[in-house]
Amino acid sequence: MINILVHGLGQDEKSWNEVKNQLNNNGINVETPNLFSMVKNYQVNYENMYKRFSDYCNSFNEKINLVGRNISY
């Protein structure tokens, strides 16, 4: 099973570095995509983001877990 950690608005995949390192050190398979780089060649809107992220998730040939992050300062 793959675990996909999704960053929030104004963040990037690096916001998961500490969590990713801990999980990887415990043998848990983790991916941290950069959502903004997925749409860099497209108009940034919900439809394009959904399509690119959906394609990304469907590229795995196994079950996935999605984990989101929202930080308020």
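Modeller: Of the 73 residues of the chain, 32% count as buried, where buried means under 20% relative accessible area, exposed means over 50%, and partly exposed lies in between (1.4 Å probe, protein chains only). The model is a predicted one, in which local features need pLDDT of at least 70 and side-chain atom pairs count only at pLDDT 80 or more, whereas totals for chains, interfaces and linings use all residues. Residues are numbered from 1 along each chain as its sequence is written, and side-chain values use heavy atoms, with hydrogens and water left out.

The setting comes before the part itself. The chain contains three helices and three strands, in the order β-α-β-α-α-β along the sequence. Helices (H or I, at least four residues) and strands (E, at least two) are DSSP runs, numbered from the N terminus. Along the principal axes, the C-alpha atoms fill a box of roughly 40 × 35 × 15 Å. The accessible surface of the chain is about 5300 Å², and 48% of this surface belongs to carbon and sulfur atoms; such areas come from the Shrake-Rupley method with a 1.4 Å probe, and for residues only the protein chains shown count as cover. Among contacts with a separation of 6 or more, 64% join residues 24 or more positions apart, a contact being heavy atoms within 4.5 Å.

At the N-terminal end, α3 is capped by N45, which has a side-chain oxygen 3.2 Å from the backbone nitrogen of E47.

Which residues of α3 are buried? They are N48, M49, R52, F53, Y56 and C57. Seen down the axis of α3, these buried residues fall within an arc of 160°, so they line one face of the helix; the arc is that of the directions from the helix axis to the C-beta atoms. The face turned away from this buried side carries the exposed residues E47, Y50 and N58. The cover over the buried residues of α3 includes β1, β2, α2 and β3 (64-68).

M49 lies in helix α3 and is buried, with a relative accessible area of 18%. Not counting residues up to four places away in sequence, M49 touches L35 and V39. M49 and F36 are 13 residues apart in sequence, and their C-alpha atoms are 8.2 Å apart in space. R52 is also found in α3, and with residues up to four places away in sequence set aside, R52 touches M38, V39 and Y42. R52 and M38 are 14 residues apart in sequence and 6.2 Å apart in space, C-alpha to C-alpha.

The largest nonpolar core has eleven residues: I2, I4, V6, L35, M38, V39, M49, F53, Y56, C57 and F60. The elements giving two or more residues to this core are β1 (2-6), α2 and α3 (46-58), and α3 provides the largest share, four residues. A nonpolar core is a set of buried Ala, Val, Leu, Ile, Met, Phe, Trp, Tyr and Cys residues joined through side-chain atoms within 4.5 Å.

N65 is found in strand β3, and counts as partly exposed at 33% relative accessibility. Apart from residues up to four places away in sequence, N65 touches M1, I2, N3 and I4. The side chains of N65 and N3 make a polar contact (3.0 Å). A polar contact is a pair of N or O atoms within 3.5 Å; within protein, one must be able to donate a hydrogen and the other to accept it, and residues adjacent in sequence count only if both atoms are side-chain atoms. N34, in turn, is placed in the loop between β2 (30-31) and α2 (35-38). Leaving aside neighbours within four places in sequence, N34 is in contact with H7, D12 and E13, and the side chain of N34 makes a polar contact with the side chain of E13 (2.7 Å).
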